[in-house]
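My notes follow in the order I made them.

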Amino acid sequence: MIDPVQPMPHSYTNDTRGDDSIVLKRYLGPDWATRRQREHTMLDRLRGRLPVPPLLLGGDDSSVRMGFIAGVHGQELIEVGQAAPVLRACGQTLRRIHEIDPTQVFPDNDHHPQQVLVHGDYG
């Protein structure tokens, strides 16, 4: 299996490469292992609840392999005058994230009634 070599635009923190079928994200910088595990866990647990890419086999301890989801990056749409629908979609998706019951995603943790899921990089 050959990994994609084309860097993806708008990947600012990690080394993210993709083609029209696979995305390979290698985690860089401080706490890369923790961030990689957190993202892998959330993609797995949110599958079917939110529009997240499917996890694929392969990769190594420093990366996550995902299926490619076609689309146009929101920043590119904003730059061509489509800010209103992009921001509306962001708000709707964020609302969906907050509506997910954390006990369904983290069944083994102690929970408080006011807890919600958050997105750590919702730019």
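**Entry 1: S63**

I began with S63, whose side chain reaches the backbone nitrogen of D60 at 3.1 Å. I note here that the model is a predicted one. S63 lies in strand 3. Is S63 buried or exposed? I looked up its relative accessibility, which is 1%; buried means under 20%, so S63 counts as buried.

Next I listed what S63 touches, leaving out residues up to four places away in sequence: L24, K25, R26, Y27 and R36. I also checked S63 against G48: they are 15 residues apart in sequence, and their C-alpha atoms are 22 Å apart in space.

**Entry 2: the whole chain**

I then stepped back to the protein chain. I counted four helices and three strands, and along the sequence they follow the pattern β-β-α-β-α-α-α. The C-alpha trace spans about 45 × 40 × 30 Å along its principal axes. Of the 123 residues, 22% are buried. The accessible surface comes to about 8,700 Å², and carbon and sulfur atoms hold 53% of that surface. Among contacts with a separation of 6 or more, 44% are between residues 24 or more positions apart.

**Entry 3: strands 1 and 2**

I went to the hairpin that strand 1 and strand 2 form, with three residues between them. The two strands pair in the antiparallel sense over four bridges. In this pairing T16 stands opposite K25 of strand 2.

**Entry 4: N14**

I moved to N14, which sits in the segment before strand 1. Its relative accessible area is 12%, and the cut-off for buried is under 20%, so I wrote N14 down as buried. A polar atom of the N14 side chain lies 3.1 Å from the backbone nitrogen of L28. Setting aside neighbours within four places in sequence, N14 is in contact with K25, R26, Y27, L28 and R35.

**Entry 5: helix 1**

I checked the length of helix 1, residues 32–46. At 1.5 Å a residue its 15 residues should span 21 Å, and the end C-alpha atoms are 21 Å apart, so the two values agree. Just after helix 1, G48 takes a positive phi of about 90°.

Which residues of helix 1 are buried? I listed R36, T41, M42, L43 and L46. What do these buried residues pack against? I found strand 3 (63–67) and helix 4 (102–105).

**Entry 6: nonpolar cores**

Last, I looked for nonpolar cores. A general point to keep in mind is that nonpolar side chains tend to be buried together in soluble globular proteins. How many residues does the largest nonpolar core have? It has seven: M42, L46, L50, I97, I100, V105 and L117. A second, separate core has five residues, including V23, Y27, V64 and M66.

Beyond its neighbours within four places in sequence, V105 is in contact with M42, R45, L46, I100 and L117.

Definitions and conventions:
Residues numbered from 1 in each chain as written. Predicted model: local features only at pLDDT ≥ 70, side-chain atom pairs only at ≥ 80, totals over all residues. Heavy atoms only, no water. Expected span 1.5 Å × (residues − 1). Buried < 20%, exposed > 50% of the residue type's maximum accessible area, 1.4 Å probe, protein only. Contact = heavy atoms within 4.5 Å. Polar contact = N/O pair within 3.5 Å; in protein donor to acceptor, adjacent residues only side chain to side chain. Core = buried A, V, L, I, M, F, W, Y, C linked by side-chain atoms within 4.5 Å. Pairing = 2+ DSSP bridges. Areas by Shrake-Rupley, 256 points an atom, 1.4 Å probe, with all protein chains shown as cover.
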